[in-house]
Amino acid sequence: MKYDLIVIGSGPGGYVAAIRASQLGMTVAVVERAELGGICLNWGCIPTKSLLKSAQVLEYAHHAADYGVKIENAAPDFDAIIARSRGVADKMSKGIQYLFKKNNITVIEGHGKLTAEKTVEVTNAAGEKTIFEAQHIVLATGARSRQLPNIPQDGKRIIGYRQALTLDHKPESMIVVGSGAIGSELAYFYNAMGTKVLLVEFMPTILPLEDEEVSKQVGRSFKKAGIDVMVKSSVESVESGEGLLKVNIKNKKGEIEVHEAEIVLSAVGIAPNVENIGLEELNIEMERGRVKVDDYYRTNVEGVYAIGDIVHGPALAHVASAEAICCVEHIAGVHTEPIDYTNIPGCTYTTPEVASVGLNEAKALEAGYEIKIGKFPFTASGKASAAGANEGFIKLIFNAADNTLLGAHMVGMNVTEMIAEMVLARKVKATAHDLIKTVHPHPTMSEAVMEAAAAAYNEVIHI
């Protein structure tokens, strides 16, 4: 019952930590109380992308005539779409099981809790407790949907993202509260299914963390698709009774509007799973509700580490995975550099997609940079025109002092597949002319990167 490393949680932080540790020669166990793969594989990243692909296929079918193809009476089979999503998630979870077997990782089923130095107590479904020991323990317990007191979730009519993935019928109407990635993606999906959707956002634009021009483009696209959007607005209360929910929304003028809906989806962020995992027992230091760690994810307690959504930083799957590798390699004595949190890409998989990295225009100016901005619209892209996907643009922000890339902001088809080039450009401190002189294949959406860089320096060809 002794291991070199025990990981509590098997999400994209936990399972990556376990596999990398095994590769480095450690004996490893993973404690998991639910499905392998955590929220990401089972209730987040993967199943939502399955739903969004179904929505995209349906939209293609509805607009098939635009491509010279005849399709009549295309309609969603909601139950089949949900079932496909669950099947994809189950397959990915089984994939983690295979990887654990391949890497000789022990899976311990149950709830893990620190009880003493280098000790984990695991309580299984029957309530039986077993003690395990490890030289190193990584906490990777993830997060859950954050609940607001004025929007109390009942799991049936007032729901979080998890219930939104498994509704037993397509609702006729839905109010989505919060327009971050989760809220925007699910608003897009249900609108495509034929649900009447109202998206409510407290900030001045939807996707409020994105560059303002990008957010406004998505807002226009949503309205064009039939999604109602209220910004600078907040849900004050929800009244439930027989019939539709009555939702009291304070609008941008400060007036209360009453809207009715079958379902209210609360997508106002996440809460870290830091309760009942032994933090208090070991006096592990916290900071603003999350576990305090150093650059290599060490807590103040020897041999205890924390990664992912329970530490400060973007609550993203790829961030948790990067933290896992950095943490475990440092434990193993492998030289590794701390993660540069200024160079983390963010993606939203709506239609059009959104992807970004680095500083947006407002943040760059606020930081005191003199900047050069290059934009290239997909209306000028041959590939976008051929694909029937002219919405959006690429916007690049350069430091005028040395021509390096400060930020990249993309909205359009497949931009989530293109953002890694920008992350690498920032990592190696590539200049605008490095991008301009990098030959991009034609015709591709990625040509817009080269053109946007050229636009910043008055060298653009196609606009």
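This note sets out, point by point, what the predicted model shows.

1. Overall form. The chain contains 13 helices and 24 strands. Its radius of gyration is 24 Å, close to the 23 Å that the globule rule gives for 463 residues, so the chain is as compact as a globular protein of that length. Taken along the principal axes, the C-alpha atoms fill a box of roughly 65 × 65 × 45 Å.

2. Burial and contacts. Of the 463 residues, 52% count as buried. Among contacts with a separation of 6 or more, 62% are between residues 24 or more positions apart.

3. Helix 1. This helix spans residues 14–23, and because eight of its ten residues are buried, it is largely enclosed by the rest of the structure. The buried residues are Gly14, Tyr15, Val16, Ala17, Ala18, Ile19, Ala21 and Ser22. Their cover includes strand 1, strand 2 (28–32), helix 2 (38–43), helix 4 and helix 8. Just after helix 1, glycine 25 adopts a positive phi of about 95 degrees.

4. The second largest pocket. This pocket holds about 1000 Å³ of space. It is lined by 35 residues, of which Gln56, Glu59, Tyr188, Thr351 and Glu391 are the closest to its centre. Helix 3 (45–62), helix 4 (78–102), helix 6 (181–193) and helix 7 (212–225) each contribute at least two residues to the lining. The largest share, nine residues, comes from helix 3. Sorted by class, the lining of this pocket comprises 14 nonpolar, 13 polar and eight charged residues.

5. Lysine 2 counts as exposed because its relative accessibility is 66%, over the 50% cut-off. Glutamate 133, at 34% relative accessibility, counts as partly exposed.

6. Salt bridges: a buried lysine. Lysine 395 forms a salt bridge with glutamate 213, and their closest N and O atoms are 2.6 Å apart. Is lysine 395 buried or exposed? With a relative accessible area of 0%, lysine 395 is buried.

7. The side chains of glutamate 260 and lysine 246 meet in a salt bridge with an N to O distance of 2.5 Å. Glutamate 260 lies in strand 14 (residues 256–261) and lysine 246 in strand 13 (residues 245–250), so this pair ties together parts that are 14 residues apart in sequence. Glutamate 260 has a relative accessible area of 45% and is partly exposed. Lysine 246 also counts as partly exposed, at 34% relative accessibility. Elsewhere, salt bridges that share partners join Asp211, Glu213, Glu361, Lys375 and Lys395 into one network.

8. Threonine 336. This residue lies in the loop between helix 8 (317–331) and strand 20 (346–348). Threonine 336 counts as buried because its relative accessibility is 12%, under the 20% cut-off. With its neighbours within four places in sequence left aside, threonine 336 is in contact with Tyr296, Cys326, Glu329 and His330.

9. Glutamate 459. This residue is placed in the segment after helix 13 (447–456). At 32% relative accessibility, glutamate 459 counts as partly exposed. Which residues does glutamate 459 contact, leaving aside its neighbours within four places in sequence? They are His433, Ile436 and Ala454. The C-alpha atoms of glutamate 459 and isoleucine 436 are separated by 8.7 Å, the two residues being 23 residues apart along the chain.

Key
Residues numbered from 1 in each chain as written. Predicted model: local features only at pLDDT ≥ 70, side-chain atom pairs only at ≥ 80, totals over all residues. Heavy atoms only, no water. Helix = DSSP H or I, 4+ residues; strand = E, 2+ residues; numbered from the N terminus. Buried < 20%, exposed > 50% of the residue type's maximum accessible area, 1.4 Å probe, protein only. Contact = heavy atoms within 4.5 Å. 1 Å grid on protein atoms, 1.4 Å probe; cavity = no way out; pocket = protein on both sides within 12 Å on 5 of 7 lines; lining within 4 Å. Points joined across faces, edges and corners; volume = space filled by probe spheres on them. Nonpolar A, V, L, I, M, F, W, Y, C, P; charged D, E, K, R; others polar. Salt bridge = Lys/Arg side-chain N within 4 Å of Asp/Glu carboxyl O. Rg over C-alpha atoms; globule rule 2.2 N^0.38 Å.
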